[in-house]
Structure formats: C-alpha cells, structure tokens
Amino acid sequence: MQDIKAPITEEVANQMVWELPVESRLSSEKIKLDDTTLRDGEQTAGVVFSNEEKINIARMLDEIGIDQIEAGIPAMGGDEREVIEHIAGMGLNASILAWNRANLDEIKDSIDTGVDAVAISLATSDIHIKTKLMKDRQWVLDSIRRAVELAKSHDVYVSVNAEDASRTELGFLFEYAAVAKEEGADRIRFCDTIGIMEPFQCYSIVKHLIDETGLEVEMHTHNDFGMAVANAIAGIHAGAQWVNVTVGGLGERAGNAALEEVVMALKYLENLDLEIDTKQFYEITDYVMRAAGRTIPAWKPIVGANMFAHESGIHADGVLKNPKTYEVFSPDEVGLERQIVVGKHSGSKTIEMKLAEFGIPITREEAAELLPAVRAKALLLNRSLFDKELVKLYQNFMAEKATAEAKVEQVEKQVKKTASKIQAEVADIAREVEVHTKGAEAVLTTAAVAEVAEAKEMIDAPRAGEAKENT
Ligand code: MN
C-alpha cells in the first residue's frame with residue numbers, strides 16, 4: 001500500500017506548495033463512520049429494500065468496519081420496526097442506531113427494539129419551524145430537551161440532529177446544541193439537508209459550532225451541488241469526528257456523501273486511513289445498487305467501471321508500462337479490475353496486446369493494418385468494442401486479407417496465361433507474315449523473271465527480223 005501512496009505524498013507533494021488556507025484539526029484521531037444507507041438511502045424516491053436485503057447490507061457494512069449503522073425508523077412500524085429489531089439482535093460489532101422524531105413515545109418504542117443508539121431529529125431553520133412544523137423556536141428547544149432527557153435516561157447513545165442546520169441562524173443553532181449538550185447528548189448531527197453548502201463556508205460554521213458547544217459533530221451532507229464529500233471533509237478539517245455516509249451516495253434527491261468516496265479521499269488526499277476493508281467496496285456497492293433497482297454509473301468515482309478502464313493509446317501505453325501513470329490506487333484495493341478498452345482512441349500496441357490475451361499472435365504491422373477497421377467500427381457503434389467484437393473484427397480482417405491474396409494470385413495467373421497466349425499468337429502471326437512474305441517474294445520473283453524474259457524477247461525480236469532481211 002505504501003508504495004502506491006508514495007508518488008502522491010512524496011514525489012508530487014514535495015514539489016507542490018501545499019498549504020491549507022485554514023487551520024486543520026484533522027488528526028490521526030479516528031474519524032468515525034455512521035452509515036445511513038438503510039435510512040436516508042432507502043428514503044430515496046423509488047427505493048425500497050426487502051428485510052432480507054437490509055439484513056445483508058447491515059452485515060456487509062459491519063464486515064468492512066463501519067462504526068455505526070443507522071438501521072431505520074422504528075416509528076414506521078411493521079416490517080421496518082421488525083428488521084431494526086432483528087439487526088439490533090445480530091450481535092454486530094457496529095453500533096445500531098434508530099432514527100426518531102422528537103416524540104417521546106416513538107423514542108421509547110425505538111429503544112425497545114434493542115438498538116444501542118438513537119438519533120433524535122428536529123428541524124432548526126426558521127423556514128422548517130414555521131412552515132413545516134408550524135411551531136416556534138422555543139417549542140423546538142423544549143421538545144429537544146425533553147426528548148434527549150428521556151433517551152439518556154435509558155442509557156443509549158444519543159445523536160441530536162439539527163435538520164436544515166445549514167439554513168439555521170447560527171445563534172439559534174448554538175442554543176439548540178447547548179440544550180442537547182446539557183441533557184447529555186453524545187453528538188450533534190450537522191445536516192446540510194438540502195445540500196446548499198460549499199466547503200469553506202461549511203468549515204467555518206462547523207468550527208464555530210465545535211468551539212461554541214464542545215459537542216462532537218457529525219457531518220450529514222447532501223450532494224445537490226456535487227459538494228457532499230467535499231463538505232464532509234471540510235467538516236472533518238474543522239474538527240467534526242463523525243461522517244454520515246451511504247453506500248454509493250444513495251439518498252434523498254442527489255444523494256448523500258458516498259461511503260467509498262469519503263474513505264478513499266481521506267486515505268489518499270488527506271493521508272488518513274480509517275481502516276475500512278475497502279476491497280469489498282465494489283461488491284457492497286453493486287449489492288446495494290441492485291437492491292435499489294439501480295446500476296453503478298460507469299463514471300462513478302471509486303467504484304465505477306471506468307475508474308480503471310483505459311482506451312486512449314497514450315493512456316493505455318502508460319498504464320501498461322506503469323499503472324501509477326494514470327491511476328491513483330490499484331483496482332484490487334476497491335474490488336475492481338483494470339480494463340484496457342479497444343476503441344476509437346486505441347493504438348496498434350493496445351490491439352496487439354489485447355489479441356495476445358486471447359492467444360492470437362499478431363504482428364505490429366498487422367495491428368497497424370487492423371487499426372483503421374477498429375476505429376471505423378467504434379465510430380459506427382458509437383462506443384468501444386467488446387472483446388468478442390475485436391476478435392471477430394480480427395478474424396474478418398484476416399479472412400479478407402486471405403481472400404484478397406488469393407484473388408491477386410488468381411489474377412496474376414490469369415495475366416500470365418493471357419500473356420503467353422498473346423505471345424503465341426504474335427509468334428503465329430509473325431510466322432504467317434514470314435510465309436506470306438516469302439510466297440509474295442517468290443511470286444514477285446517469278447513475275448519479274450518473266451517480265452525480264454518478255455522484255456528481252458521484245459528487244460531480241462526486231463534484231464532477229466533484221467538479221468533475216470540481211471540474209
Ligand atoms: Mn438527509
């Protein structure tokens with residue numbers, strides 16, 4: 001593990017001017033994780049877990065080393081109450097927490113399920129107090145006082161939740177926390193219920209809250225602006241000791257701070273190892289997403305399939321030479337596998353290597369010849385190629401190449417054959433020409449001789465007459 005960290009913490013970090021703009025209280029003191037997949041996660045519109053799934057999720061969370069499991073809301077009764085009671089009785093290492101409104105009967109009933117921890121939730125922002133609860137601040141303070149007092153009298157761990165804390169007037173938030181502390185609450189949950197904080201603001205408010213009350217603070221952040229994990233970490237820098245997370249970031253609307261993102265960010269960006277068994281991250285996320293009727297998006301940080309998929313020729317080449325060129329941590333650390341993807345941006349080296357995986361030897365030249373076909377296919381399909389598609393493409397390419405070669409051979413033969421035929425014909429013609437020429441010559445010669453003879457006769461005839469006359 002250490003050698004994977006080294007390039008970031010030593011080689012790179014030593015070259016950077018690395019200075020937090022604020023004082024950090026992040027220390028080696030253990031940050032604790034409270035997973036709310038079974039409560040806020042299931043509260044997500046459209047998500048419902050069966051009791052069996054809830055039990056499996058609780059077991060998996062416990063196995064990887066989560067400190068506290070928020071198991072649900074007993075006041076909902078029926079299956080929900082039943083499964084919380086079951087989980088509380090499973091003898092897990094994790095603390096089991098039940099979520100409650102500040103309602104005394106509900107809290108009592110909640111404790112009866114056998115959980116060792118309760119969360120008591122009350123909204124603290126004026127918009128919630130006035131328009132949702134239709135009460136006033138004093139009612140909120142009185143209610144939380146009575147609720148915490150009751151819960152603590154049963155000797156359970158108490159988390160006091162300040163719902164919509166991020167929109168709560170700071171003075172009132174401190175007052176609320178002070179009442180909770182007076183009654184013996186173990187922590188206050190700072191809820192960015194609608195996900196409107198940004199990290200620097202978050203740091204500032206949480207720091208004040210801790211300075212003012214001395215209570216342990218838990219971060220409950222939502223991802224409406226993509227800040228859930230950043231805000232949770234800002235809270236940790238400000239001194240918060242708990243983070244409320246969900247597997248895969250499941251949760252109301254855009255979700256909560258994702259368990260796997262918080263853990264890996266703390267480990268690799270903040271050098272803080274929470275000693276969670278990260279090797280099971282993919283498995284547990286896959287399980288929860290299936291149970292929620294979802295799939296893990298390929299681009300999901302930490303556990304998405306693309307985290308360790310490389311297509312671009314330059315990246316694939318780099319990763320094959322040394323994974324650290326384009327990967328922060330090793331895929332097996334989160335239960336994934338590295339994938340070299342063949343597609344539009346691949347180079348011939350990737351094709352050569354990928355086919356070798358299937359026991360297909362191909363020369364670099366052949367791979368370079370195959371490359372345009374690979375790119376054309378990827379463009380046509382609008383995606384990278386499956387392994388099967390690459391092999392098929394290779395087979396077609398080789399078959400076409402063989403056909404083309406056979407055709408060339410055939411044409412060459414044909415050309416040769418035609419050439420020799422023409423040569424023979426030319427020879428025949430030549431011969432014929434020769435014969436005809438000779439014949440013609442002979443005819444001409446005979447004719448010429450006859451003509452000569454005739455001419456001679458014509459010349460000789462008068463002379464013969466003359467000679468007769470003379471005799
Ligand atoms: Mn929430």
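Predicted model: local features only at pLDDT ≥ 70, side-chain atom pairs only at ≥ 80, totals over all residues.
Now, the contact between them. Domain 1 puts in 10 residues and domain 2 puts in 8 residues. On the domain 1 side, the elements giving two or more residues are helix 11 (259-269) and helix 12 (281-291). Helix 12 gives the most there, with 3 residues. And what classes of residue does that side of domain 1 have? We get 5 nonpolar, 2 polar and 3 charged.

Let's move on to strand 8, residues 242-245. Which way do its residues point? Trp242 and Asn244 go one way, Val243 and Val245 go the other, and all of them are buried.

Who are the neighbours of strand 8? One of them is strand 1, residues 32-35, which pairs with strand 8 in the parallel sense over 4 bridges. If you want a spot to look at, Asp35 has Val245 as its bridge partner in strand 8.

Then there's strand 7, residues 216-221, also running parallel to strand 8, with 3 bridges joining the two. Here you can look at Met219, whose bridge partner in strand 8 is Val243. To get from strand 7 to strand 8, the chain goes through helix 10, residues 228-237, and that β-α-β crossover is right-handed.

That's my tour, thanks.

Terms used
Residues numbered from 1 in each chain as written. Contact = placed C-beta atoms within 7 Å. Nonpolar A, V, L, I, M, F, W, Y, C, P; charged D, E, K, R; others polar. Buried ≥ 20, exposed ≤ 12 C-beta atoms within 10 Å, placed from the backbone. Pairing = 2+ DSSP bridges. Right-handed = clockwise from strand over helix to strand, strands pointing away.
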